[in-house]
Amino acid sequence: MKENMENKLPACPVEVTLSLIGDKWKVLILRDLMNHTLRFGELKKSIGSVSTKVLTEKLRAMEDDGLVIRRIYAEVPPRVEYSLTDLGSSLDPVLTSLKEWGASYKKSHEAF
């Protein structure tokens, strides 16, 4: 995790969580890495419309925050894989709750 990050974290735990994952792309990265280790191209394809630059920025930030691990293999061409750390995996109940709430919201609004 980033040095001195605790000194910069908001007092509110909800704000802390949102500062780490409160971004559309970060949530989708977590979703896709929750049960899989993926290469950059696989992750980009699974997310969809994210640009290479933005995906790279988000992955680096999540790596700095201790949520994602990047493994580089000394091959030609180099192979890079991304997976969640234990801390990142611990967000599974949060993502499950978001998924369930979203499904319920969609269902309640289908009648409109």
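Lysine 53 and glutamate 57 sit four residues apart in helix 5, which is about one turn of the helix. Helices here are DSSP runs of H or I with at least four residues, and they are numbered from the N terminus. The side chains of lysine 53 and glutamate 57 form a salt bridge, with N and O 3.8 Å apart. The term salt bridge stands for a side-chain nitrogen of Lys or Arg within 4 Å of a carboxyl oxygen of Asp or Glu. Lysine 53 is exposed, at 60% relative accessible area, while glutamate 57 is partly exposed, at 41%. For these words, buried is under 20% relative accessible area, exposed is over 50% and partly exposed lies in between, using a 1.4 Å probe and protein chains only.

A word on where this comes from: this is a predicted model, in which local features need pLDDT of at least 70 and side-chain atom pairs count only at pLDDT 80 or more, while totals for chains, interfaces and linings use all residues. Residues are numbered from 1 along each chain as its sequence is written, and side-chain values use heavy atoms, leaving out hydrogens and water.

How many salt bridges does a search of the whole structure find? The search finds six. Here are some of them:

| Pair | N to O distance |
|---|---|
| Lysine 53 and glutamate 57 | 3.8 Å |
| Aspartate 23 and lysine 58 | 3.0 Å |
| Arginine 31 and aspartate 32 | 2.7 Å |

Take the pair of aspartate 23 and lysine 58, joined by a salt bridge. Aspartate 23 is in the loop between helix 2 (13-21) and helix 3 (24-33), and lysine 58 is in helix 5, so their pairing ties together parts 35 residues apart in sequence. Elsewhere, a network of salt bridges links Glu75, Arg79 and Glu81.

Helix 5 (residues 52-64) also packs against helix 4 (residues 40-47), at an angle of about 110° and with the axes 11 Å apart. The two helices are therefore roughly perpendicular, a label for angles of 65 to 115 degrees. On the helix 4 side, Phe40, Leu43, Lys44 and Ile47 meet Thr52, Leu55, Thr56 and Leu59 of helix 5, where contact means heavy atoms within 4.5 Å. By class, this contact of helix 4 with helix 5 has five nonpolar, two polar and one charged residues.

Definitions and conventions
Axes fitted to C-alpha atoms, helices over the stretch in contact; angles between N-to-C directions. Parallel < 35°, antiparallel > 145°, perpendicular 65-115°, else oblique. Nonpolar A, V, L, I, M, F, W, Y, C, P; charged D, E, K, R; others polar.
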